[in-house]
Amino acid sequence: MNMYKAALAALLGVSALTAHADPDPDKVLRASFNAPETGYDPAKVSDVYSHGVGENIFEPLLTYDYVARPAKLIPNVVTALPEVSADGSTYIFHLRHGIYFSPDPIFKGVKRELTAADAAYGLKRLADPAVASPSNYLVLGHFVGVDELADAAGKTGGKFDYDKVVEGIKAVDRYTLQLKVKTPYPGLQYILAMPHTSPQAREVIEGYASNTPAHPVGTGPYMLQDWKPGVKTVLIYNPNFRHEVFNFQPAADDAEGQRVAKEMNGKTYPQIGRIEVTVFTEEQPMWLQFKSQQLDELYGVPQPLIRGVLTIDPNNPRRAKIKDEYAKIGLKLSRALDPEITYFSFNGKDPILGGLGKPQIALRRAIAMSFDEQSAMRDIRRNNAVRVEYITPPGVQGHNPHFRMFFPYNRPQAQALLDQFGYKIGADGYRTTPDGKPFTIDFLSNEGAIGRQWDEYWQEAFDVLKLRVSFRHVAFNDLLKAMRSCTYGITGAAWIADYPDGDNFQMLMWSKNIGAENVSCYSSPRYDKLYEQSQQLHAGPERDKLYDAMNKVVSEDSAWAPGETRFRNRMMQPWVLGDEVHPIFQTSWRFTDIQKK
Amino acid sequence: MTTMINQAAPAATETRPQRGLWAMGWRRLKRNKVAFCSFWVVMAYMLLAVAGWLNILGDGWRAQIAVPYAPPSFLAKTVADTLPPEAPVAGGTASAPALIMVTPEEDPIGKEMEIARQNMGKYATANDAKLESLPFGADLRGRDVIHKTLKGASTSIFVGLLGALLSIVIGTSLGSVAGYFGGKVDDFLNWFYSVFTSVPDMLLLLSFAAVAGRGIKTIIIVMALTSWTGTFRLVRAEYLKLRSREYVQAASAIGASDARRMFVHILPNISHLLLVQFSLLTVALIKYEAILSFLGFGVGVTQVSLGSMLAEAPAELVQGFWWQMVAVTIAMSLLVTTFSLLIDGLRDALDPKAR
Amino acid sequence: MLSYIIRRVLQMIPTLFGVMLLVFCLFSVFGGDPSLVLAGKHMTPATLANVRAQLGLDQPLTTQFMIFVKQVFTLDFGTSWGSQQPVRDVLASRVGPSLTLSGALLVVDLLLAVPLAALVAYFRGGLTDRIVTICCTLAMSISALVYIVAGQYLLAYKWGLFPVGGWGHGFWTNLLIYVPLPMLMGLMVSLGPDIRFYRSFFVEEMNHDYVRTARAKGLSEQKVMLKHVLRNALIPVVTTVMMSLPYLLIGALVLESFFQIPGMGNEVVRAMNNSDFPIIKAITVYVALATMVFNLLADLIYKLIDPRVQLK
């Protein structure tokens, strides 16, 4: 069969040059995920795996350059980055002509072109209460007239009126989209590069209203062929996809980018005909399948395997290589820091641990200083992480690599500090509050093996400080509940960037976000004032100065105990070309190729 | 679980009051060599369990005495793969900007921090060197696998015994009430029983555990709540049969109360069945604890059980660290095998029909 | 006979009601609130309220229970709260793989365990019996986890005798390529207890008076075994198997997750972890129904094979 095809292609060689070649359907990329996805309606899902698949099906207005580091915005289905009005409130986008949705029975065999109305619909849909989008925060409160639509729909019997023209999100003509914001929205351009905000064909959403997650129809290079929730997803090439050729321009000193450019430049986008994604809930089968060449790409090297697969410099975790036995057989590694932070959060409203009084700060400081983060990172993360030293992590706009947020690990000093503030050791061997009352710290922890590992390191810290601790292991939803309602003592928390702008992180400590993102229940007038100033500013040195000041406030108050930012380690078989971890994209499948044997 | 419940059924054999049953059972057990050897091994484990609870044995399991995953002493050393030394940064360190951090003046508790720094000498601790290898290797935190296994076996036996005991208590009390009183009470308890047996054990188990949180208490309760049904069926059938026997009728004639008849007159006559059932449950629950721990409902941080050790095994084996899994498997299979053989022996020895 | 069946079917109603009450209490009354996860990491109280309303969680518990009752009657459990796919589709796609694995496991297990048990019972008390019993006990004593983890590592990965895991299209591909290794691991776990269990049936049957009489009449041991014991001992075997059939629906949880088999067990765990109530309710009700029906069938078969049995 392949011989025949090859012969045919040779005969028709001339025509193959003029009409662009579709990707080879025999080029199958077998990829893996570490956790189940939930579905493919970008407005309805909030997990990285679902959006990772969505990236290949849907196209937001803007996107990122695949090889530029740090991540750089580029136009996607629009002709250029937006024109902004003088007062900064109005953005105009011009859609490219000749961009088509993938074929679907709803279109009745007609090629359906992307219009500005689709872009407006995709954005407005996030605000529709009937969709109950977890991403509604991206739209609500920002665009002129949209909140009013949502409020009207939220009333009993109300329906979201998509036809009503609002200035905030408006299709001016077939190819022109206007966005008008109420107050400055520095993150807007990043938000328009998220798959969540991709244009949607209204007739598709309404046609599949009862089951949108199983019927994604977008303008991207791939379309969904088969989906077994939580087990397997198969994507195939979208035949309506426009003709584009890879032309990556990486920086001269970026060796990995240079490799990608060398492997991919000049080829048409995309190259792979079919992508099969398998979900693995256990680490052993995932690794064994990859090692026995039943998988082409490993989404991430599972944590327990890192020590066996990679050699990481314990003094500088940024330096790593594949172990010789694997390098010898040609396995490849691509590595990048995730745009995330993990941290241990003290509940700002806890009667013992919370508040801005000196004894409370001292107690938090002592606990944070006694946590042997370095050993935990070495043993649990296998050195595959860097310590958090700034609220905004590396790779995100506004990060300051020269800041040190946490006081150094020093258990003797921590104990002396507790003595200093009168946390005396009582008759039972545990410390009491300065006014002599015994207390127990409520440590909230997720059930499961990983949570258990951290608890062991924490237990040690509390043993040394002679503080009584009680670990409360709960399911994930109860964990969230406790964090949102400020009913815990200490807990581990994490935040991964929605978009690579510092505001997405600095807002974690804003007191107005208590009950939502501010799970530390941290309330500091000094911090709030600085943060509200920073909201008026676009990224730049002036905002960076405010960010430094905000980090100092959190550091002085010891609101957090140290956590880390992890590396994502993707591994590929020798025949996978052009694969590189992107700081924002979850998947690189659409930019890769397979070298046929 | 199905097997476990079913296995109890054939044991329901005819009984009559017989004081000599226990003495005869003991004589018969002594004659059965396999069972008798098993008996002593199980007793040794029980001793170990008691020593473990009293913190005489395995108490030091939390001490981190070796490097992470230190191999067993009898293994040959492998050379670690290392990176080439880091190339010096061009321009040197001088050009790097100074680090920004909170200064003592800015720090609201800067003064106290400084005093604490001066006073910290009294808390200084010496850092012991970690061992490179241990007799049977170390775990992730450099703890001795042998100590851990001893302590873990003790916890698992404790969990198994208590879970089985609770399960027997629930099953016997419900079963005796149902069988003795019959009628509406029996109907209601039978309904209760059929509801529990109609829901898959796995679902019951996971949902109870999800509701109850984590820890030893939860494991014991969850296991008892899902395993009482076998005992219920067995005890109910025995009570149905025995309540009409002459000696029970005679007791009723001399005015013995229901409770007295149920627990003084009938219960001793099924005690040998309960002992076998109890042992069966203990073994099943020790094995079950491993699965529960694997699913994330294991013991707390300061405790260790065979199950919680086994839950660490998949991640270790894939890296080539097999010793913890082997240690647990040996400890557990010796216990379970001897215990099961002992039960076989007990069943034969306490069977009134056999000669 | 017919009136017996009707009575048994009527008895199922209160039991099913009890099962529903139990599941409802465990999940809707005491269980966690899934809307907290579904509302996403930027959840505000308003978003949370909206999500709860969409799921019907803002309704009073009695109303929620009535909806559940209606769902049971129509056997339509709505859509999964995770993937938002119809519960019926989700379960339909999961039941095939589970049945393929656990069905194959059951058949092979029976084919091995019953003859072996009969053989061992035949030599009861002898050396063969003792060795087999001890081997079975030993095999039982090792945790299923150890078999799976070590078996996958050694047999599939180190020695390459089987694929490490996975699932293909087509019944035969799966049965011949992907099922053998997990089945082998399942056999290691189930064969020991089953041989011991079935052996007890045979031994019990052989101790019956009629067997002794037959022997006394001068029938050879083999003839007694084949003609009387085998036939009668198979009755409890058949009913035991019948009663275990509903559990095949649930699949083998750990086996499925380690060998990437897209079966029911995997889905149960996912649904549990994410409080996906529609899926949990549907599975529980279906399995409870199947359990009751197969229990009834087991009793009827018992009656058919052995006319001495009185149906009460």
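**Notebook: chains A, B and C**

I began with chains C and B: 44 residues of chain C are in contact (heavy atoms within 4.5 Å) with 39 residues of chain B. On the chain C side, Leu26(C), Ser141(C) and Leu145(C) lose the most area to chain B, together 14% of what that side buries. I noted about 3,700 Å² as the area buried between chain C and chain B, with 79% from carbon and sulfur atoms. Buried area here is the accessible area (1.4 Å probe) that two parts lose on being put together, summed over both.

Residues are numbered from 1 along each chain as its sequence is written, chains are lettered from A and ligands numbered from 1 in the order in which they are written, and side-chain values use heavy atoms, with hydrogens and water left out.

Next, salt bridges (a side-chain nitrogen of Lys or Arg within 4 Å of a carboxyl oxygen of Asp or Glu). I found one across the interface of chain C and chain B. Arg196(C) pairs with Asp344(B) in a salt bridge, closest N and O atoms 2.7 Å apart.

Chain B: I counted 13 helices and zero strands. Of its 355 residues, 52% count as buried.

On to chain A with chain B. I have 54 residues from chain A and 49 from chain B in the contact, and about 4,700 Å² buried, 57% of it from carbon and sulfur atoms. Six salt bridges cross this interface; one of them joins Arg365(A) and Asp107(B) at 2.7 Å, N to O.

Last, I checked confidence in chain A: pLDDT (the predictor's confidence in each residue, from 0 to 100) averages 90, and 95% of the residues score at least 70. Over residues 1–19 of chain A, pLDDT stays under 50. Where pLDDT is low, the predicted coordinates should not be read in detail.

Note on methods:
This is a predicted model: local features need pLDDT of at least 70, side-chain atom pairs count only at pLDDT 80 or more; totals for chains, interfaces and linings use all residues. Helices (H or I, at least four residues) and strands (E, at least two) are DSSP runs, numbered from the N terminus. Buried means under 20% relative accessible area, exposed over 50%, partly exposed in between (1.4 Å probe, protein chains only).
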